[in-house]
Amino acid sequence: MFQFLSYKSSSAFLFLLIGVSLAILSYAQADVAPFIWEFKNYLIGQNLNKGYRLYQDIRDNTGPLTANFFQVLDFFSISFFWNAPINLAVVFFQAYVFQSTISRYDLMPPLGNLPFFIYLVFLHSSFELFVPNGAILGLTFLLLAWREIMAQQSTLQVNDRVFLIGLFIGIASLCYLSYSLFIFWAMLSLLFYSSISIRQILLLGIGFIIILISAGMVFSYQGNLANFLEVYRNSSFRFQIPSNIDIKSLALGFGPCLFFGLVGLYQVIRSNKIRSNAQKAQQTNLIWLFTCLLTLFTVPSLKVIHMVFLLPSLAYFALNLCYLYRGYWKKELLIWVILASLFFSLKTEWNQQGAQRLEKAKLGLSNQKLLVLGPQLEEYQQNEMVGPFVNWDLSKSLFSEIDQYKTIVILQDYLSRVKPSYIYDPEQNFNRISPYLPDWTKDYHLVGPNLYKREN
């Protein structure tokens, strides 16, 4: 296996592509229920195509470019079946950038298709990484920024292409808002390991800021700039202790990758075989890893889909083992151990992922305008969603602060635009808002457990 992967051959590369593609298509044909957050992204795209405004009419912290991505999928009526193949195409491109950068700038000895293979394996270490999300989409542009940084570090004189690095990180930030912190990774990498000037640092910053200004102009035109700025600030530069830590899912998704990455880092530290140009790349990669640790304190929760940015650095460190190990049998064994750990991790996750998947609807409603005051998104599978509450973790704070005038104004603004046929209220919020919004709630009557119907 090692000899096959380390041999730079178009036929071997094509065989690798076909093999992985068939595996992903087999997964897509398994017809498993979508993840809860996967269905949430579908609802966001659907509501944007109805004319709703992100962050104002849709209460969520998804990056604007990611929301637009799912808007396009909904516009062309692309079903959940195609999510895995689409995501595979994105990861294929990332793996190509990863491998071509290592090869072009001589960051490691010739390893054939091994960088491509290692990246694919790491980016498929969990079923949550089989479908597109903001973190994976934005990671594409972070890798393009990394490629530009490697190009700058490989020469004695930094040029004005640093502007592109800022652009790429800015675009990545609009896909996944927490990626904004990687602008500091880019600056530190260029300051420490290249001859960058103050003018070029300014160019880097301008490239980053111009993307954000462009986004701000679009939101200003739509009338929801204030909402965007609030979400951007809370998701990018507001540090907090992450919630919803699922140790088991993290261990399955990142345990093998973290182990091989740290072993690779250890081997790099104690090795004297790393050349000068490669040393810059290793140290830049280490800064990436430290930036990831800071970013963990800005993500919504410590879940696999929110921490995918760790994987490129771990894949890069693990790749060092493929040439630092001297014995051929050690390299061969390493490849099989990586594959075996991936298979075990996915098999275990497959047997335990029921809680993360979308359940079947329980209300028995169909083709109705429905508002759910709770996290039960599965009820929208056969009904039309109305209202802004697509992310209940963000929305529920409104109902806990109902006695505040500001909260009442926000709810009045949200709910005055919609008149759902049914309201499902599993968390008993309807009666709490009734005294504050009597004109809106008076037409609804209880017709079932926590289910209200509009009668007029």
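Me: Which exposed residues are carried by the face of H18 turned away from its buried side?

Reply: In this predicted model, local features need pLDDT of at least 70 and side-chain atom pairs count only at pLDDT 80 or more, while totals for chains, interfaces and linings use all residues. Residues are numbered from 1 along each chain as its sequence is written, and side-chain values use heavy atoms, leaving out hydrogens and water. Helices (DSSP runs of H or I, at least four residues) and strands (E, at least two) are numbered from the N terminus; buried means under 20% relative accessible area, exposed over 50%, and partly exposed in between (1.4 Å probe, protein chains only). The face of H18 turned away from its buried side carries the exposed residues Tyr-405 and Lys-406.

Me: Within what arc do the buried residues of H18 fall, seen down its axis?

Reply: Helix H18 spans residues 405-415, and its buried residues are Thr-407, Ile-408, Leu-411, Tyr-414 and Leu-415. They line one face of the helix, because the directions from the helix axis to their C-beta atoms fall within an arc of 125°.

Me: Which strand is included in what covers the buried residues of H18?

Reply: The cover, with contact taken as heavy atoms within 4.5 Å, includes helix H17 (392-400), helix H19 (430-433) and helix H20 (438-441). It also includes strand E1 (369-372).

Me: What are the edge strands of the five-stranded sheet?

Reply: Two strands pair if DSSP finds at least two bridges between them. The open sheet has the order E2-E1-E3-E5-E4, with mixed pairing. Pairing on one side only, the edge strands are E2 (384-385) and E4 (444-448).

Me: Which helix gives the most to the lining of the largest cavity?

Reply: A cavity is a set of points on a 1 Å grid over the protein atoms alone where a 1.4 Å probe fits but cannot get out, and lining residues have an atom within 4 Å of a point. Grid points are joined across faces, edges and corners, and volume is the space filled by probe spheres set on them. The largest cavity has a volume of about 80 Å³, and helix H3 (36-49) and helix H4 (64-75) each give two or more residues to its lining. The most, three residues, comes from H4.

How values were computed: 1 Å grid on protein atoms, 1.4 Å probe; cavity = no way out; pocket = protein on both sides within 12 Å on 5 of 7 lines; lining within 4 Å.
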